[in-house]
Amino acid sequence: MTLTHRYAKYKVWVKPSSELTFLYGNNVLKAGLGRITENTPQYQGVVVYSMADVPLGFGVTAKSTQECRKLPATDVVVFHQADVGEYLREEDSQFTGV
């Protein structure tokens with residue numbers, strides 16, 4: 001994550017109120033979108049950041065930057081792919097062989 005986020009072309013920042021939601025494995029809604037890289041196309045891989053520029057994980061945009069501006073607050077803008085909280089959620093099953 002440390003190396004990948006430096007070279008990411010497309011980035012998304014989520015509001016503090018949506019950070020935990022993303023870290024629990026949920027998609028990012030328009031209401032939780034803080035910023036998005038200009039001219040990000042639809043279905044593009046992105047690095048998801050907190051508003052403090054801390055990388056949280058990876059996702060795929062559900063809509064382009066232009067489409068995001070017109071969406072209602074309840075629509076999905078980023079599909080969750082992976083996050084830094086995943087290790088903690090899967091920790092029990094990693095060592096039990098399940």
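S64 sits in the loop between strand 5 and helix 2 (65–68), where helices (H or I, at least four residues) and strands (E, at least two) are DSSP runs numbered from the N terminus. This S64 is buried, with a relative accessible area of 12%; buried means under 20% relative accessible area, exposed over 50% and partly exposed in between, using a 1.4 Å probe and protein chains only. Leaving aside residues up to four places away in sequence, S64 touches T40, P41 and Q42, a contact being heavy atoms within 4.5 Å.

Before going on, a word on the model. It is a predicted one, in which local features need pLDDT of at least 70 and side-chain atom pairs count only at pLDDT 80 or more, while totals for chains, interfaces and linings use all residues. Residues are numbered from 1 along each chain as its sequence is written, and side-chain values use heavy atoms, with hydrogens and water left out.

**The chain as a whole**

- The chain holds 3 helices and 6 strands, and from the N terminus on they follow the order β-α-β-β-β-β-α-β-α.
- Of the 98 residues in the chain, 35% are buried.
- Among contacts with a separation of 6 or more, 57% are between residues 24 or more positions apart.
- The accessible surface of the chain is about 5,900 Å², and carbon and sulfur atoms account for 55% of that; these areas come from the Shrake-Rupley method with a 1.4 Å probe, and for residues only the protein chains shown count as cover.

- The 6 strands make an open sheet in the order 2-6-5-4-1-3, with mixed pairing; two strands pair if DSSP finds at least two bridges between them.
- Strand 2 and strand 3 stand at the edges with a single partner strand each, so one side of each has no neighbour in the sheet.
- Strand 5 (residues 55–61) runs antiparallel to strand 4, joined by 5 bridges, and G59 in strand 5 is the bridge partner of V46.
- Strand 4 and strand 5 form a hairpin with 4 residues between them, and D53 in that turn has a positive phi of about 65°.
- Strand 4 (residues 45–50) is mostly covered, with 5 of its 6 residues buried.
- Strand 1 (residues 11–14) pairs with strand 4 in the parallel sense over 4 bridges, with W13 opposite Y49 in strand 4.

**The nonpolar core**

- The largest nonpolar core has 15 residues, and those with the most contacts inside it are V12, V28, L33, V46, V48, V77 and V78; such a core is a set of buried Ala, Val, Leu, Ile, Met, Phe, Trp, Tyr and Cys residues joined through side-chain atoms within 4.5 Å.
- Strand 1, helix 1 (16–23), strand 3, strand 4 and strand 6 each supply at least two residues of this core.
- Not counting residues up to four places away in sequence, V77 touches a list of residues including V28, L33, V60, C68 and L71.

**Residues to look at**

- H80 lies in strand 6 and counts as buried at 16% relative accessibility.
- The side chains of H80 and D83 are joined by a polar contact of 2.4 Å; a polar contact is a pair of N or O atoms within 3.5 Å, where within protein one must be able to donate a hydrogen and the other to accept it, and residues adjacent in sequence count only if both atoms are side-chain atoms.
- Most residues other than glycine have a negative phi.
- N39, which is not a glycine, has a positive phi of about 65° and lies in the loop between strand 3 (33–36) and strand 4.
- Y43 is found in the loop between strand 3 and strand 4; its phi is near 60°, again positive in a residue other than glycine.
- At 57% relative accessibility, Y43 counts as exposed.
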